[in-house]
Amino acid sequence: MSAQTHFKTPLRPSPFHPRTAPLNRLNRWGPWAGQLNALCFGDVDMEYTAIRNAASVYDLCAMVKYRVTGREAAEYLNRLTLRDAGKLAVGGVHYTAWCDDAGKLLDDGTLFRHGPQDYLICCQERHLPWLLDSAQGFDVAVREVTEEIAALSLQGPCSASVLAAAGFDVWGLKPFRMAEFAFQGGSLTISRTGFTGDLGYELWLTPDLALPFWDHLMQAGAPWGIRPIGSDALDLARIEAGFIITNMDFIPAHQALREDRPRSPLEMGLGWMIDWDKGQFTGRAALAAEQARGSDWALVGLDIPGNVSAEGSILYHDKKHEVGMITAAAWSPALKASVALAQVQARHAGGANLWVEIYALRELQYVKLMLPVQVVPRPFFNPPRKRATPPARV
Amino acid sequence: MRSCDILILGAGVNGLACATRLAKAGRSVLVLEAAATPGGGAGEVEFHPGFRAPALAHLTQGLDPRVARALPVAFHPALTTALQGGITVKGGAASVDAAAWSALHARLSRFAQALAPFRQMPPPIPGAGNAWSRLVRPLLGLRGLGQAELRELMRLILINVHDVGEDELSSDALRGLLSFDATLGAWLGPRSPNSLILYLDRLARGADPLLPVGGMGALAQSLAKGAEAAGVTLRCNARVARVVVADGRARGVVLDSGEEIAAKTVVSALNPRTTFHQLIGARHLDAGFHRRIGHIRMRGGAAKAHLALSGLPALADPKARLVIAPSSTAVENAFNPVKYGQVPDRPVMEVLLPSAHDSGMAPAGAHVLSAIVQSAPHAPRDPVAARAAMLENSLAVLEENIPGLRSLILHAEILMPQDIEARFGLIGGNWHHGELAVEQMLFNRPLHGADRYATPVPGLWLAGAGAHPGGGINGAAGWNAAEALLEAKG
């Protein structure tokens with residue numbers, strides 16, 4: 001047996017680590033799915049600005065990935081997930097989610113269809129036991145391929161131009177579509193997807209090409225001020241885009257210790273995903289019952305007066321009764337507003353007489369603010385350039 | 001395409017009990033049986049030319065009283081149990097250690113009677129959803145034991161049977177009988193926790209083992225005839241390939257032949273795993289439920305031996321049930337090797353001479369010996385070698401106890417758990433379609449989510465031994481399922 005030494009590096013460095021490490025001037029790292037990931041390289045405002053005004057690069061290698069192949073791959077994914085994987089065209093991507101028997105969310109993620117019988121699931125948490133259990137009775141193979149694929153997220157209004165300069169013509173690539181390109185004897189898959197609510201692409205390749213590709217991309221993007229970003233800046237962008245994150249905005253059912261904590265897709269604003277016409281899927285009966293009965297919780301977007309960020313704050317009805325909690329909040333530089341995502345008891349989802357109590361820490365003293373909040377539609381920030389095909393040449 | 005109101009899969013005791021109850025309520029019922037004759041585990045087989053033996057079960061502790069009323073079956077008088085050394089036991093009377101046996105038997109029978117009503121209703125579940133009116137009588141019955149006895153029941157209910165024998169009896173032979181009877185057909189030894197509750201469940205079914213007049217085949221015939229008289233249509237040689245599920249509801253079945261039969265309701269008295277994994281299929285079930293079905297423990301520990309004998313073996317009482325289990329430790333020792341897929345050197349067994357009760361089982365002057373042998377490995381590494389070893393070890397033990405037996409043998413066969421699975425569809429060779437063990441009883445039988453006969457697939461019900469309260473040629477599960485179905489207007 002070979003020596004087991006993995007425990008000596010509890011956080012695995014990404015294939016891009018030799019390049020990202022010297023750039024991380026603050027040496028700010030955090031764990032993501034067992035990988036060392038940059039939280040911030042030097043200045044979160046500059047990194048956020050790159051997302052919204054130039055081109056930003058985020059290391060996506062830690063994203064958990066499963067390859068699903070086989071004759072019944074589509075049937076399997078239809079039973080596993082909420083949407084109809086059979087309707088997803090080859091070369092297409094869709095945002096989906098999956099539940100346990102009780103109709104409570106296990107995770108959300110993106111599903112890539114590489115071939116008629118070849119899919120890739122990308123998600124936040126690890127699910128191999130559940131995916132394998134779900135495979136019983138289906139002619140499919142499910143394999144975790146997280147470490148076999150290196151990925152970068154290139155986001156920002158200049159991202160298409162950067163790619164063009166790098167030699168990859170993505171002008172015709174529509175949102176949620178992908179295309180393949182040759183790169184140094186290997187292949188690079190580019191999908192028009194992302195987690196910023198902006199124009200952007202995700203770039204997928206084998207780990208052996210990671211470093212030459214990084215160098216190539218950074219060189220090509222230099223005229224547009226391409227900049228590596230950490231999770232802090234990305235989090236700001238995703239809140240503006242109104243995206244939720246598993247284990248931050250909801251607790252996945254397989255990890256929740258308290259039985260009232262898991263949330264259903266209906267409660268997390270993902271009810272639109274559910275394809276009721278495709279037949280059985282795990283959690284269907286429970287979700288149908290919930291739909292008939294009414295949900296207990298709702299996910300809402302909030303506009304909060306002032307500029308004090310409200311993460312973790314409790315929501316009150318009539319300033320008296322606790323009715324929910326803010327799971328993500330930020331002062332949005334793009335909108336010049338304090339926005340938040342919150343779980344609120346479904347009967348207060350309309351937002352009438354809804355208040356937030358913010359404890360603002362000011363030099364070791366809390367100032368308690370009780371502010372009226374307004375329920376507003378998500379996404380908070382939704383620029384036309386996100387969808388424009390071809391994107392503007394800049 | 002044919003169609004009917006209610007389709008029942010499996011004409012075993014539970015399937016027929018369920019069918020009869022539904023037919024008596026005016027429903028039109030078609031029962032499909034894969035074998036050529038009804039009966040399931042309660043059939044008869046010609047295992048050697050001219051020699052017939054009970055195909056699997058060779059005794060019953062008695063039918064559920066509701067089933068017995070609806071489907072009368074004639075039984076021989078309750079059998080005496082013979083132990084080694086000329087010891088005999090019948091009910092509470094034993095020829096050794098009589099006072100202690102009598103006291104223990106009386107106490108355990110009282111407990112069993114207090115628990116018996118729970119066998120005749122859907123299992124109570126924690127939380128909401130109980131019909132409390134139905135629970136009043138059984139709960140009062142428990143209360144009626146009195147405070148001291150109720151406390152004693154609580155002390156004993158999850159205890160191992162070996163300790164009870166040690167505490168209450170002084171005869172090794174009686175301890176062996178107690179342990180053997182408690183663990184017969186289960187996958188545990190007398191020192192395993194929770195083994196006494198299986199003895200209580202046995203007593204709740206009946207005090208003494210009963211043999212139907214004419215044998216087990218006759219019992220199956222009586223039940224089938226009774227069911228048909230009640231209006232049930234019975235169709236044998238009809239193996240179901242799959243249950244048709246459309247728009248999330250069971251709507252009938254497709255037979256092996258390709259024939260489709262539509263039904264408003266499908267009731268499966270087959271194994272729950274067979275029902276969900278084979279007949280329904282993963283794509284119609286939630287993934288967690290499908291996985292849990294796969295985790296129901298189904299290990300059979302019993303083998304079935306049939307001997308064709310040229311003459312009457314040297315038995316003190318040929319009509320008795322002979323139990324060869326010299327001590328509780330002998331039962332435990334017979335169980336130990338099974339944990340490792342091995343065959344016990346000295347198996348323990350229950351021996352019956354059906355031909356001594358009913359002529360026609362064997363040619364004139366010849367006899368048939370039927371034995372249930374504990375403990376056989378359910379998953380041996382080499383099934384053929386294990387079968388040969390099990391037969392040889394069983395014959396050696398038999399010869400010791402019945403001198404000269406081997407010289408009478410014309411033909412001998414033994415059905416290992418894997419053979420029982422192949423012949424009767426009892427997965428793992430387990431008699432109860434899922435081990436009868438405390439963690440798989442009541443609302444955990446066969447599993448949460450299908451514990452009250454209804455299943456997550458609307459229109460599909462369970463009625464077999466895999467459902468509460470289990471099997472044992474009794475019919476309670478089938479009858480309960482019919483009651484639940486009628487109550488739900490299914």
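Visitor: Which residue does B:R52 meet in a salt bridge?
Guide: In this predicted model, the side chain of B:R52 meets that of B:E44 in a salt bridge, with 2.7 Å from N to O. B:R52 is partly exposed, having a relative accessible area of 28%, and B:E44 is partly exposed as well, with a value of 23%.

Visitor: And B:E152, what does its side chain meet?
Guide: The side chain of B:E152 meets that of B:R155 in a salt bridge, again given as 2.7 Å from N to O. The two residues are three apart in helix 5 of chain B, so about one helical turn separates them.

Visitor: Is B:E152 buried or exposed?
Guide: B:E152 counts as buried because its relative accessibility is 15%, and the cut-off for buried is under 20%.

Visitor: What about B:E392, where is its partner?
Guide: B:E392 forms a salt bridge with B:R406, and the closest N and O atoms are 2.7 Å apart. The pair links distant parts of the chain, with B:E392 in helix 14 of chain B and B:R406 in helix 15 (residues 405-408) of chain B, 14 residues apart. B:E392 is partly exposed at a relative accessible area of 39%, and B:R406 is partly exposed at 34%.

Visitor: How many salt bridges does the structure hold over all chains?
Guide: The structure holds 42 salt bridges over all chains, and the rule finds two across the interface of chain A and chain B. A:E72, for instance, forms a salt bridge with B:R283, where the closest N and O atoms are 3.1 Å apart.

Visitor: How many residues are in contact between chain A and chain B?
Guide: On the chain A side, 15 residues are in contact with eleven residues of chain B. The area buried between the two chains is about 1,100 Å², and carbon and sulfur atoms give 42% of that area.

Visitor: Changing topic, how many residues has the largest nonpolar core?
Guide: The largest nonpolar core has 49 residues, and those with the most contacts inside it are B:L83, B:W101, B:L108, B:L178, B:L196 and B:Y199. Among the elements that give two or more residues to this core are helix 3 (98-115), helix 7 (172-183) and helix 12 (328-335) of chain B, while helix 8 of chain B gives the most, with seven residues.

Visitor: What is B:L178 in contact with?
Guide: Leaving aside neighbours within four places in sequence, B:L178 is in contact with B:W101, B:L104, B:L108, B:V161, B:V164, B:G165, B:L169 and B:Y199. There is also a second, separate core of 42 residues, which includes A:A97, A:A233, A:V339 and A:V376.

Visitor: Why is helix 12 of chain B largely enclosed?
Guide: Six of the eight residues of helix 12 of chain B are buried, so the rest of the structure largely encloses this helix. The buried ones are B:S328, B:A330, B:V331, B:E332, B:A334 and B:F335, and what covers them includes helix 6, helix 7, strand 14 and strand 15 of chain B.

Visitor: Strands 14 and 15 of chain B, how many bridges join them?
Guide: Five bridges join strand 14 (residues 348-352) of chain B to strand 15 (residues 367-374) of chain B, and the two run antiparallel. In strand 15 of chain B, B:A371 is the bridge partner of B:V351.

Visitor: Which order do the strands of the open sheet in chain B have?
Guide: The open sheet of eight strands in chain B has the order 7-6-5-13-14-15-12-16, with mixed pairing. Its edge strands are strand 7 (93-94) and strand 16 (409-415) of chain B, each of which pairs on one side only. Helix 14 (residues 383-401) of chain B packs on the sheet, and its direction makes about 125° with that of strand 16 of chain B.

Visitor: And in chain A, how many residues of strand 12 are buried?
Guide: Strand 12 (residues 200-205) of chain A is mostly covered, with six of its six residues buried. A:G200, A:E202 and A:W204 point one way from the strand, whereas A:Y201, A:L203 and A:L205 point the other way. Six bridges join strand 9 (residues 150-155) of chain A to strand 12 of chain A, and these two run antiparallel.

Methods
Residues numbered from 1 in each chain as written. Chains lettered and ligands numbered in written order. Predicted model: local features only at pLDDT ≥ 70, side-chain atom pairs only at ≥ 80, totals over all residues. Heavy atoms only, no water. Core = buried A, V, L, I, M, F, W, Y, C linked by side-chain atoms within 4.5 Å. Buried < 20%, exposed > 50% of the residue type's maximum accessible area, 1.4 Å probe, protein only. Helix = DSSP H or I, 4+ residues; strand = E, 2+ residues; numbered from the N terminus. Contact = heavy atoms within 4.5 Å. Pairing = 2+ DSSP bridges. Axes fitted to C-alpha atoms, helices over the stretch in contact; angles between N-to-C directions. Buried area = accessible area lost by both parts, 1.4 Å probe. Salt bridge = Lys/Arg side-chain N within 4 Å of Asp/Glu carboxyl O.
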